Amino acid sequence: MGKRRIGILTGGGDCPGLNAVIRGVTKTAVNRYGMEVIGFHDGFLGLIENRFTFLTFENVSGILTQGGTILGTSNKANPFAHIMMENGNATVKDVSDGCMELYNDLGLDALITVGGDGTMTISGMLAEKGANVVGVPKTIDKDLMETDTTFGFDTARAVGTEAIDRLHSTAQSHHRVMIVELMGRNAGWLALESGIAGGGDIILIPEIPYDIEEIMRVVRQRSRFGKRFSIVVIAEGASEIGGDQVVKKVVEDSPEKIRLGGIGSQLAAQLEEATQIECRVAILGHLQRGGTPTPQDRILATQFAVKAMDLVMDGQFNQMVAIRGNDLIAVPLEKVMGKQKLVPIDSPLIEAGLSVGTSFGIKME
Ligand code: F6P
């Protein structure tokens, strides 16, 4: 029998810690189990187009601290709905059989897929076709079900917190309302936790549609009490009661087509007009996804990698690794597929914010 061989790919939007997983999987597979590791380029696109590289001790050495992914990624590639050009026209094809053929031809014992909800959904579908898949959860949005957290989130939260810290002094000097817009898609975790860590005066998240009148009241009240500035932390997915999310872009060839962004500028215009207090907006955007991972994200990514290899060696497939409390566990992919973990209204984080006087943009007890 030849050497056992596994594949790994990173799918969806990048985030800090992906390289730590690639390193953790490769070193564990090679070092502990004497396996070969194949890294597919650009997420599922590498599996579709037969593009990969052999990962060795040498090429994963020194990548622990690097942001992004050395393998590349794609948040468009989907073997079950692959967009191809035929006679000048874009057509959507299911090329998953071809992916399974490559999986078998390469003699893979398992495929480790590192990604968010989209990647986990595709992974579950490949598992149904017979691939031995183990998923590893990543995302700065922390919106994956069945796991307390995902790597990438801690780094993005640190970036968000630092931005809020920095905006305080300029807001104070100019007596302005500074609005900082954070990513997170439909989930408010990133804005909520960065906002609490940075002492945001008003935190607006998708799960709690806001009342513009209440925001104006809070800003004016702060002014009356001698606080002539306010910091508003707003998630890109937030919206006014009865209003819609602000769509920045529609990416037609992506499974998740909507890109959010711009709600902060909309709010600034409304607030400035109504209160006559100057407002400025800072949109953090992809800054939250870049750079070196925090120690916590490096540790979590490494633990996830080792746990994923444990599952491969135990033959526990069609699972995603997860963390609950201090325990690393495995959860069936079907429990994660097509779901989003949103902030519950009774979250202790909201309770803590309310206790210290944070407004969530509506009247709350
Ligand atoms: O899911 C991660 C994320 O950064 C979201 O917070 C954001 O809405 C989206 O990806 C941005 O996607 P893109 O990189 O395609 O602009």
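Mentor: A word to begin with: buried means under 20% relative accessible area, exposed means over 50%, and partly exposed is in between (1.4 Å probe, protein chains only). The model is predicted, so local features need pLDDT of at least 70 and side-chain atom pairs count only at pLDDT 80 or more, while totals for chains, interfaces and linings use all residues. Residues are numbered from 1 along each chain as its sequence is written, and side-chain values use heavy atoms, with hydrogens and water left out.

Trainee: Is His41 buried, partly exposed or exposed?
Mentor: His41 sits in the loop between β2 (36-40) and α2 (44-49); helices (H or I, at least four residues) and strands (E, at least two) are DSSP runs, numbered from the N terminus. Its relative accessibility is 23%. Because of that value, His41 counts as partly exposed.

Trainee: What separates the C-alpha atoms of His41 and Leu167?
Mentor: Along the chain, His41 and Leu167 are 126 residues apart.

Trainee: Which element supplies the largest share of the lining of the largest pocket?
Mentor: A pocket is an open set of points on a 1 Å grid over the protein atoms alone, where a 1.4 Å probe fits, with protein on both sides within 12 Å along at least five of seven lines; lining residues have an atom within 4 Å of a point. The largest pocket has a volume of about 850 Å³, and of its 40 lining residues, Gly12, Gly13, Asn75, Arg185 and Glu256 are the closest to its centre. At least two lining residues come from each of α5 (117-128), β11 (247-250) and β12. The largest share, six residues, comes from α5.

Trainee: And which element gives the most to the lining of the second largest pocket?
Mentor: The second largest pocket, with a volume of about 210 Å³, is lined by 13 residues, including Asp201 and Arg222. Both α7 (189-198) and α8 (212-224) supply at least two of the lining residues. With three residues, the most comes from α8.

Trainee: What is the relative accessible area of Ile258?
Mentor: Ile258 lies in strand β12 (residues 258-260). Together with Val247 and Val250, Ile258 makes a nonpolar surface patch of about 220 Å². Ile258 is partly exposed, because its relative accessible area is 35%.

Conventions:
Patch = residues over 30% accessible without salt bridge, like charges linked within 9 Å, V, L, I, M, F, W, Y side chains within 5 Å. Areas by Shrake-Rupley, 256 points an atom, 1.4 Å probe, with all protein chains shown as cover. Salt bridge = Lys/Arg side-chain N within 4 Å of Asp/Glu carboxyl O. Points joined across faces, edges and corners; volume = space filled by probe spheres on them.
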